[in-house]
Amino acid sequence: MYASNSASQWGSPTAPRKALLIHGLTACSSTWEGVAQLLVAEGFFVVAPNLLGHAWRRGTDFCMSTLAEDLRAYFINDTSYDVVVGHSLGGPVTLSLLQFLPKTKEATVILLDPPLEIEETTEIYKSWFLNEVANAKTTEELADALGWSRRDCVLHALGVSMCDRTTVEGVFSHNRPWSFSYLFKNIPPHVKITVLASDPVAGAVCLPEHVPCDVERLNVRVLPGIGHCIHYERPDAIMDAIQLRRAKI
């Protein structure tokens, strides 16, 4: 993995397929390590940007459209991606990026428990994230509480340590009302989207009723018993959703 203050990369730039991974609030590009390694093993070159306000990146405007526009550089010269994955906050950001995907290539988009309609619970989530950055858990505390791998706990703690309350407050105050289901209305014909939702009992942010049921090329799957950080708990579900083309023997 190669990291800078703006992105992490895995694999060879000459790989036959490309993937773009977009992290969630208080996370960072490095938190995709597990999923990225699986993708590299399948012949992908993987790029994961750091959103504004994360990984020490400064920002003053945290509107969803601004977060997406900041990533436009990853689409210069009609750069295309076979797969785009967005977790949590990265979900609405990903939907805002669909307009930049070249129309000459099919793309698979996977959204991991995206917060689509949380206006009624915005203050609850804001308080939770403010507490997370103010009282960051250690690697050991995360492992004991959530049962994640040591790698994922270390990288999660790293992401939280590089984010602050200014970003959290900005993300919630600059996106009112918090309602982004409408972004599904104009899915380009070359794009297929799968929403992987966490179990409501385990703290899901995305509920099935938040996802339109009458949109073509849009599927929803709820993962029983799985919490919000699907990329830590069920990376295999992400790989299954990609529906990799296996080489013929």
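Predicted model: local features only at pLDDT ≥ 70, side-chain atom pairs only at ≥ 80, totals over all residues.
Local features need pLDDT of at least 70, side-chain atom pairs count only at pLDDT 80 or more, and totals for chains, interfaces and linings use all residues. Residues are numbered from 1 along each chain as its sequence is written, and side-chain values use heavy atoms, with hydrogens and water left out.

**View 1. Aromatic pairs around Trp178.** The structure holds eight aromatic pairs (rings of Phe, Tyr and Trp, the last by its six-membered ring, with centres within 6.5 Å; planes under 30 degrees apart are stacked, over 60 edge-to-face, the rest tilted). Phe172 and Trp178 form a tilted pair, because their ring centres are 5.5 Å apart and their planes lie at 35 degrees. Trp178 and Phe180 are edge-to-face, with centres 5.6 Å apart and planes at 90 degrees.

**View 2. Burial and the aromatic cluster.** Trp178 is buried at a relative accessible area of 2%, and Phe180 is buried at 6% (buried is under 20%, exposed over 50%, partly exposed in between; 1.4 Å probe, protein chains only). Phe172 is buried as well. One aromatic cluster is formed by Trp128, Phe129, Phe172, Trp178, Phe180 and Tyr182.

**View 3. The largest pocket.** This pocket (on a 1 Å grid over the protein atoms alone, an open set of points where a 1.4 Å probe fits, with protein on both sides within 12 Å along at least five of seven lines; lining residues have an atom within 4 Å of a point) holds about 780 Å³ of space, the volume filled by probe spheres set on the points, which are joined across faces, edges and corners. Of its 38 lining residues, Trp128, Phe129, Glu132, His228 and Cys229 lie nearest the centre.
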